[in-house]
Amino acid sequence: NLAINEGEILGYLYSKGIKPDGVQTLDKDIVKMICKEYDVEVLDVDPVKMEEMARKKEIFDEEDLDKLEDRPPVLTIMGHVDHGKTTLLDHIRKSKVAALEAGGITQGIGAYKLLVPIDGKLQPCVFLDTPGHEAFGAMRARGARVTDIAVIVVAADDGIRPQTNEAIAHAKAAGVPIVIAINKIDKDGANPERVMQELSSIGLMPEDWGGDIPMVQISALKGENIDDLLETIMLVAELQELKANPHRNAKGTVIEAGLHKSKGPVATFIVQNGTLKRGDVVVCGEAFGKVRALFDDGGNRVDEAGPSVPVQIIGLNNVPIAGDEFEVIDSLDVAREKAEARAESLRNERIATKAGDGKVTLSSLASAVSAGKLSGLDLHQLNVILKVDVQGSIEAVRQALQVLPQDNVTLKFLLQATGDVSASDVDLAIASKAIILGFNVRAPGSVKSYADNKGVEIRLYRVIYDLIDDVRNAMEGLLEPVE
Ligand code: GDP
């Protein structure tokens, strides 16, 4: 709402040779142009864009901004077990990579690059090789975000299943755009329309039905429509305007690491900004070292790797963890110091989370509400992950919670699904500062201790009224602290 006369804007557009037809939505660039002309500030409040901007601030320095160049998108495939993630990845890898790059993929380094023909030109894109939302969530819980687009596979003969929901929740919470691959359309009993209906009922409206979620019907097994899928992905990527500055020291994220018998610690990096070169000194997590050699996804030695390109490197003193950030440092001494400082701060962090600092719990929410200190704690919104025994419980619990007065605090459901509380639920909670409520489900010991270590609250209930009461009391500042 610019508070400027419509006719005036139309006049201005005509003067620029643009003839809007009256009802059409204006292209973003045109809106920006108008705003500039009338000296109005453009506020892009799209959450995906906001997340993107926050991320850019983290990755880019001031000096990068006028040197940005296009970079390939990095993709993750997620979806329910047996819906065809691995088959899709394999098909793409075999048909595309082997055909386009001499030698093909000889060793798994955790990601691979391939070239997709778009308008007669080959455009690169990068697939992360570990499918599933678990890996995605674990990386996010560590503060890493490498995925630009989530490809969510849904089997056309099975529809939305619990892990489909989880995958969607993870992608949404991360603000990553979603492309749906409706798979197994070759099968008897395949019903893609039904899948589209199910998806629209949870807020993912297909583009074909006027929504904004691209959905492509494929058969990963037969290799049908995979080109369509890749093209669609590349179109979504184009809209994201993915950029980086290749002319600087590299930084990025570790996506896989391990100890090799003869090579020692090996790590696969995805470069997110800059260019990584042989001989560079890097610090990543608590590890550091001089990059002695780089290998591409074909196992070939390379001299450097630019933005979005996955490379395996050797030369680190230690094995880092997937999700660790890496950056190039001028000297080995400084790298050592940084690695040590980081190890130290991680130790302190562990002690701090043990002590419960900044932990989001129902009790901390309750005391914040009663003390009237919501804003300081950023608890105006309580993010909830809801795990229940059967589908029917989801609506029952959710509806009961949604009618609670939300004057002080609003509830936001990040995920509602059936099944026991899992490590990936905890990861989602860590990355999104959420609490986990369970109704008639369990949390395995390992998951509980993981949550404890990370300062995530899991509350399990057998009686629905207890659950509702606790949440209501917390939202009203009345909940008595436990223990
Ligand atoms: P993931 O658990 O999601 O990685 O699923 P997989 O890729 O392992 O696939 C599970 C099963 O579904 C395998 O037996 C595949 O052969 C089969 N499958 C995958 N894609 C298709 C498809 O497009 N059509 C048919 N008929 N079967 C498929």
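Which residues surround the ligand, and which of them are the closest?

1. Basis of the note. This is a predicted model, in which local features need pLDDT of at least 70 and side-chain atom pairs count only at pLDDT 80 or more, whereas totals for chains, interfaces and linings use all residues. Residues are numbered from 1 along each chain as its sequence is written, and side-chain values use heavy atoms, with hydrogens and water left out.

2. The ligand shell. The ligand is surrounded by 15 residues, of which D82, K85, T86, T87 and D186 are the closest; a residue is near a molecule if one of its heavy atoms lies within 4 Å of it. Helix α4 (residues 85-100) supplies the largest share of this shell, three residues, where helices (H or I, at least four residues) and strands (E, at least two) are DSSP runs numbered from the N terminus. By class, the shell holds three nonpolar, seven polar and five charged residues, with Ala, Val, Leu, Ile, Met, Phe, Trp, Tyr, Cys and Pro counted as nonpolar, Asp, Glu, Lys and Arg as charged, and the others, Gly among them, as polar.

3. A polar contact is a pair of N or O atoms within 3.5 Å. An N or O atom in the side chain of T87 is 2.5 Å from an oxygen atom of the ligand, a polar side-chain atom of S219 lies 3.2 Å from a ligand oxygen atom, and a polar backbone atom of A220 is 3.0 Å from an oxygen atom of the ligand. Of the 580 Å² of accessible area that the ligand has on its own, the protein covers 74% (Shrake-Rupley method, 1.4 Å probe).

4. The largest nonpolar core. This core has 27 residues, and L88, I92, F127, L229 and I233 touch the most other members; such a core is a set of buried Ala, Val, Leu, Ile, Met, Phe, Trp, Tyr and Cys residues joined through side-chain atoms within 4.5 Å. Helix α8 (226-240) is one of the elements that give two or more residues to this core, and α8 gives the most, with seven residues. Leaving out residues up to four places away in sequence, L88 touches I77, V153, I218, A220, I226 and L229, contact meaning heavy atoms within 4.5 Å.

5. Residue I255. I255 lies in strand β9 (residues 251-260) and counts as buried because its relative accessibility is 11%, buried meaning under 20% relative accessible area (1.4 Å probe, protein chains only). Beyond residues up to four places away in sequence, I255 touches G110, A111, L128, M139, V146, T268, I270 and A322.

Key. A polar contact is a pair of N or O atoms within 3.5 Å; within protein, one must be able to donate a hydrogen and the other to accept it, and residues adjacent in sequence count only if both atoms are side-chain atoms. Buried means under 20% relative accessible area, exposed over 50%, partly exposed in between (1.4 Å probe, protein chains only).
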